[in-house]
Amino acid sequence: MKEIRIAVIGMDTSHAVQLPKLMQDPESEFKISGMRVTRAMRFETPFQNKAGLDEREAYLRSIGVEVTEDFEYAIGDCDAIMLEINDPSLHLEYFEKVAALGKPVFLDKPFADTVANTRKIIEIGKKYNTRYFTASSLRFTVGLNNLVDSKINVNSAYAWGPLGQAAAGSSIVWYGVHTFEQIERIMGIGAESVTAAPSGKGVVCVVKYKDGRGAVVELNENKWVYGDVIRDDAGHDAICTVPAKTPFYYSLMEQIRLFFLGIETPVSIEDSFEVMALCEAADKSFASGKPEAVEQL
């Protein structure tokens, strides 16, 4: 089977380095075979300046990636595309650029900066019949997989994770997406409202579901750990934590590999829309101080 050639668009996220590292750095502890990043496109955003981009470019070139500022050149030698843009306000613009190319696309988290722009991306994808998916790496951790596969009939859940500070836009949307991905993976679609409030150490979000279930999402400043608890009506529970050294990027790249091979789509658009809607509802509630509805697709 031939090697899948990948174009990376955007280098303002560490993922633009960490994901290619798994594919083609001979010194990487973990390795994904059968894929190679051929070209990457750089441009400055509020999330990364020239000096940071220069450093990332030097590394990418050291593992065989051409780096350019020319979009057409970047996509000129690829079978698939990874949109690795940290600034979610640019996701719509660049998805529109790649959607009509007839190549599978991985759109790194979050879906977009707003639900309105998420809807536009979905419509563009339908227009061009684009194969794409979007997800956080936290969705695919071994611990969360085991939790979801457990025999507990989930009535409530509690998830925690960090609240990184966004260089622009909403921090809840930009970084809270990791933890909301976990809760959506556990609870599925059907959230009705979110109530968010400051906790002194970050933000606590209470999610209500149409079927009476509930969930809590805790976003913590300066605490870089993730975890989840699930419970059923009888009080049975299960817990998982994600240590900092867990290779969750590897788990994500394995899902991307299967998707680029055409084997499966790991996350439905409906699930990803719900994650985006949860994030925006939490952001609105944090600002308004009252419950906010979760938009429906």
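## Strands, a helix and a pocket

Strand 7 (residues 156–162) and strand 11 run antiparallel, joined by five bridges. Two strands count as a pair here if DSSP finds at least two bridges between them, and strands (E, at least two residues) and helices (H or I, at least four) are DSSP runs numbered from the N terminus. Keep in mind that this is a predicted model: local features need pLDDT of at least 70, side-chain atom pairs count only at pLDDT 80 or more, and totals for chains, interfaces and linings use all residues. Residues are numbered from 1 along each chain as its sequence is written, and side-chain values use heavy atoms, with hydrogens and water left out.

**Around strand 11**

- G227 has T241 of strand 12 as its bridge partner.
- Five residues lie between the strands in the hairpin of strand 11 and strand 12, where G235 takes a positive phi near 90 degrees.
- Strand 11 (residues 226–231) is largely enclosed by the rest of the structure, because five of its six residues are buried (under 20% relative accessible area with a 1.4 Å probe, protein chains only).

- Six strands make an open sheet with parallel pairing, in the order 3-2-1-4-5-6.
- Strand 3 (66–68) and strand 6 (132–135) stand at the edges with a single partner strand each, so one side of each has no neighbour in the sheet.
- Strand 1 and strand 2 run parallel and share six bridges; in strand 2, M35 is the bridge partner of I4.

**Helix 1**

- Helix 1 (residues 15–24) is mostly covered, with eight of its 10 residues buried.
- Among those buried residues are H15, A16, V17 and L19.
- The cover includes strand 1 (4–9), strand 2 (35–41), helix 2 (50–62) and helix 9 (248–260), going by contact, meaning heavy atoms within 4.5 Å.

**The largest pocket**

- How much space lies in the largest pocket? About 320 Å³, taken as the space filled by probe spheres set on grid points joined across faces, edges and corners.
- Of its 22 lining residues, S14, H15, Y175, H178 and Y249 are the closest to the centre.
- A pocket is an open set of points on a 1 Å grid over the protein atoms alone, where a 1.4 Å probe fits, with protein on both sides within 12 Å along at least five of seven lines; lining residues have an atom within 4 Å of a point.

Notes. Buried < 20%, exposed > 50% of the residue type's maximum accessible area, 1.4 Å probe, protein only.
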